Amino acid sequence: MSSLRYRTIKDKIFFYCVCGLSSLTVIPLFAIIWELIRKGYKQINWSFFTETAPSTLDAMLARGTGDIIPGGIANGILGTLLMVAIASVIAIPVGIMVGIHLSEHPKTKFSNATRFITDLIQGSPSIVIGIIAYAWVVKPLGGYSAFAGSVSLAIMMIPLIVRSTEETLKMLPGSLKEAGLALGSSYTNVILRVLLPSAFGGLFTGILLAVSRVMGETAPLMLTALGSTAINWNVMEPTSAVPLLIWEFYNDPNLIDMIWSSSLFLLILVLSLNLIAKHIAKKWKIQ
Amino acid sequence: MEQEHIQISNPILQLKDVSISYSPGKNAVKNVSADIARNKITAIMGPSGCGKSTLLRAINRMHELYPDIKIMGEILLDGKNILKMNPMEVRRMAGMVFQRPNPFPTMSIFDNVVAGYKLNGISLGKSEKEEIVERCLTNVGLWNEVKDSLFKKGTFLSGGQQQRLCIARALALKPDVLLMDEPTSALDPIATNRIEELLLDLKNEFSIVIVTHNMSQAARISDYSMFMYLGELVEYDTTQTMFTNPKDKRTNEYLSGQFG
C-alpha cells in the first residue's frame with residue numbers, strides 16, 4: 001500500500017514539475033513584449049511609419065527639449081519589404097522545385113547529397129552567408145545593394161522552403177498521385193495540378209515561416225545592403241532594413257531610444273507572420 | 001501450365017503468359033493467361049496476397065511508379081500490346097477505381113468529373129463540360145444527389161458518394177475497360193449495394209474487371225470469375241459454373257470457406 005502512495009506522490013511531483021517548467025518557458029516572451037511596449041510605445045505614432053530615420057542632430061535637439069525623437073523607420077520598413085520580396089521571388093521557385101525533387105526521388109544519391117547540403121546551409125551562421133553574398137554579388141557588381149541583400153536572404157530561405165515542401169508533399173497520400181496518373185495524366189501535370197494544389201497549405205506555411213525567419217536577419221545585410229538614410233526603390237543601391245536600423249540606433253547615443261519602438265515593430269511583424277502561418281497550417285491540414 | 005480455362009470470343013483484354021515480379025526471381029503473378037469478355041463483369045477473387053491487385057494494376061501500367069516491379073508476357077487491349085504503348089494512352093483507355101475513394105481534394109465535384117480532360121490538357125467548351133458532368137454523374141446515380149452542390153469540394157461527400165464520384169471521373173474519359181481494385185472494401189453495405197447495382201448498369205457500356213476478396217460480391221455481380229492463389233490463376237470460368245461446380249480442389253476449398 002505504501003508503495004502505491006509513494007508512486008502517486010511521485011506522479012504528482014512529476015506533473016507539477018512539467019507544468020511549472022513549461023510555464024517558465026513562456027515568461028521570457030511576455031517579459032520581452034512587456035519591456036518593448038513599456039520603453040517603445042511613446043515613439044510609435046503616424047510619423048514612425050511614414051518618415052525616414054532622424055538625423056542624430058534632430059534627435060539630440062528633441063532630447064534636449066524633452067520631446068520624443070522625430071522621424072520614423074519608413075526607410076527600414078520599405079527596405080525590408082523590398083528585399084524580402086525579391087528574396088522570395090528567388091527562393092520560392094528554387095525551394096519548391098528542389099523540394100519536389102527530394103520528395104519524388106527520395107533515395108537517389110543526388111537527393112541524399114542535396115538534402116545534406118541543404119541542412120548544412122540551414123545550419124550555417126548567417127554572417128558567413130553574408131560574406132558569401134558579399135563575394136559573389138557585392139564585389140562583382142561593384143557596390144552594396146538591395147539586390148545583394150536579397151540574395152543573401154534568399155540563400156537563407158531556400159533550405160527552409162525545400163524542407164517544408166518535401167515534408168508536405170511526403171504527407172500527401174500516395175493514392176492522390178495514383179488517381180491522377182490513372183486518368184492518363186502526365187507526371188508533370190500530376191505534380192502541378194494535383195499534388196502542389198493539395199499541398200498548398202503546407203507550402204504557404206513554410207514560405208511564411210521562411211519569410212519571418214529572414215525578416216529579422218541583420219548580419220548578412222550589413223555586408224550586402226549596408227543601409228541607407230533615405231527611402232530607396234532602386235534595387236542596385238544600398239538600402240536600409242528594420243534590423244539594420246536597430247543596429248544603427250544602438251550605435252548612436254542620441255538615437256538609442258528608437259531601438260525599443262523599432263524592435264517592438266519587428267517583433268510584432270514576425271510574430272504575426274508566425275501566427276498567420278500556424279492558422280493556415282491548421283486550416284489547410286491534409287485530411 | 002494448365003490452360004483449360006474458358007474460351008472467350010472477341011475479348012476486350014487478353015493476358016498472355018503474364019508474370020509480375022517485385023524483386024528478381026520472386027513472382028507475385030505467375031504465367032497468367034486469360035481472355036476477358038467485352039461488356040461483362042469479370043471478377044478476380046482470391047485471398048490477400050494472391051496477386052490479384054498486382055495483376056489488375058499491370059493492366060493500366062500503374063506499376064511504373066515503382067521501378068523495381070517487372071512485368072513479363074503480353075497484355076493486349078483491343079488487340080494492341082499495352083506494354084509497348086505510351087503509358088498515358090494506356091491509362092486513358094483503361095480507367096481505374098481504387099480501394100479507397102480518392103477524389104482530388106482541391107477540386108469541386110464538377111472539376112473532379114472533368115479532371116481527366118483537364119489533366120490531359122484537353123480543353124472543353126463550357127457546354128461540353130456540363131454535358132459530360134451531367135451524363136457521368138447520372139450514370140453513377142449521383143446527379144440528383146449533388147446537382148445543387150456541383151461546385152462544392154468532392155471531399156464533403158460521404159464515402160460511397162465519393163467512390164461513385166471517382167467512378168464518374170473514370171467514366172468521363174470513355175475508357176475501353178474499367179479496372180476496379182476492391183472498390184467497395186472501404187464502404188458500408190448500403191453504399192456497397194448501390195455501387196454493385198451501378199456496375200450491373202454500367203456493363204452495357206463498359207467492360208469491367210473487378211478485384212474483390214468478397215466472394216459473395218463476385219457471385220452477385222460478375223459474369224465471369226477468376227480464382228487466383230499464390231500468384232497463379234487457378235481457375236477461370238463463368239461465375240455460375242465456378243460457384244456451383246468448381247473444377248479445382250483449391251477453388252472449392254476457398255469458395256466453401258476453408259481458407260482465405
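# Reading the terms in this model

Q: Why is B:N39 called partly exposed?
A: The relative accessible area of B:N39 is 32%. Partly exposed covers values between buried, which is under 20%, and exposed, which is over 50% (1.4 Å probe, protein chains only), so B:N39 with its 32% falls in the middle class.

Q: What kind of model do these values come from?
A: The model is predicted, so local features need pLDDT of at least 70 and side-chain atom pairs count only at pLDDT 80 or more, while totals for chains, interfaces and linings use all residues. Side-chain values use heavy atoms, without hydrogens and water; residues are numbered from 1 along each chain as its sequence is written, and chains are lettered from A and ligands numbered from 1 in the order in which they are written.

Q: What sets the phi of B:N39 apart?
A: The value is positive, near 50 degrees, in a residue other than glycine. Most residues other than glycine have a negative phi. B:N39 sits in the loop between β2 (26–36) and β3 (41–45) of chain B; helices (H or I, at least four residues) and strands (E, at least two) are DSSP runs, numbered from the N terminus.

Q: Is B:E182 buried or exposed, and how do you know?
A: B:E182 has a relative accessible area of 8%, which makes it buried. B:E182 lies in the loop between β7 and α8 of chain B, and although not a glycine, B:E182 has a positive phi of about 45 degrees.

Q: Why does B:M85 count as buried?
A: The relative accessibility of B:M85 is 13%, and therefore B:M85 is classed as buried. Its place is in the loop between β5 (80–81) and α2 (87–93) of chain B. Neighbours within four places in sequence aside, B:M85 is in contact (heavy atoms within 4.5 Å) with B:R61, B:K80, B:V90 and B:M93.

Q: What makes strand β7 of chain B mostly covered?
A: Five of the five residues in this strand (177–181) are buried. B:V177, B:L179 and B:D181 point one way and B:L178 and B:M180 the other way, and all are buried.

Q: Why is the crossover from β7(B) to β8(B) called right-handed?
A: The chain crosses through helix α8 (residues 189–202) of chain B, and this β-α-β crossover is right-handed. The term means that, with the strands pointing away from the viewer, the path from the first strand over the helix to the second runs clockwise.

Q: What makes β2 and β5 of chain B stand at the edges?
A: Four strands form an open antiparallel sheet in the order β2-β1-β4-β5 (chain B). β2 and β5 each have a single partner strand, so one side of each is left without a neighbour in the sheet. Two bridges join β4 (residues 70–77) to β5(B), running antiparallel, and B:L76 has B:N81 as its bridge partner.

Q: What makes a set of residues a nonpolar core?
A: Its members are buried Ala, Val, Leu, Ile, Met, Phe, Trp, Tyr and Cys residues joined through side-chain atoms within 4.5 Å. The largest such core has 129 residues, of which B:L13, B:F104, B:L137, B:I167, B:L178, B:L199 and B:L202 touch the most other members. Helix α4 (residues 74–104) of chain A gives the largest share, eight residues. Apart from this core lies another, of 15 residues, including A:I69, A:I77, A:M258 and A:L266.

Note on methods:
Two strands pair if DSSP finds at least two bridges between them.
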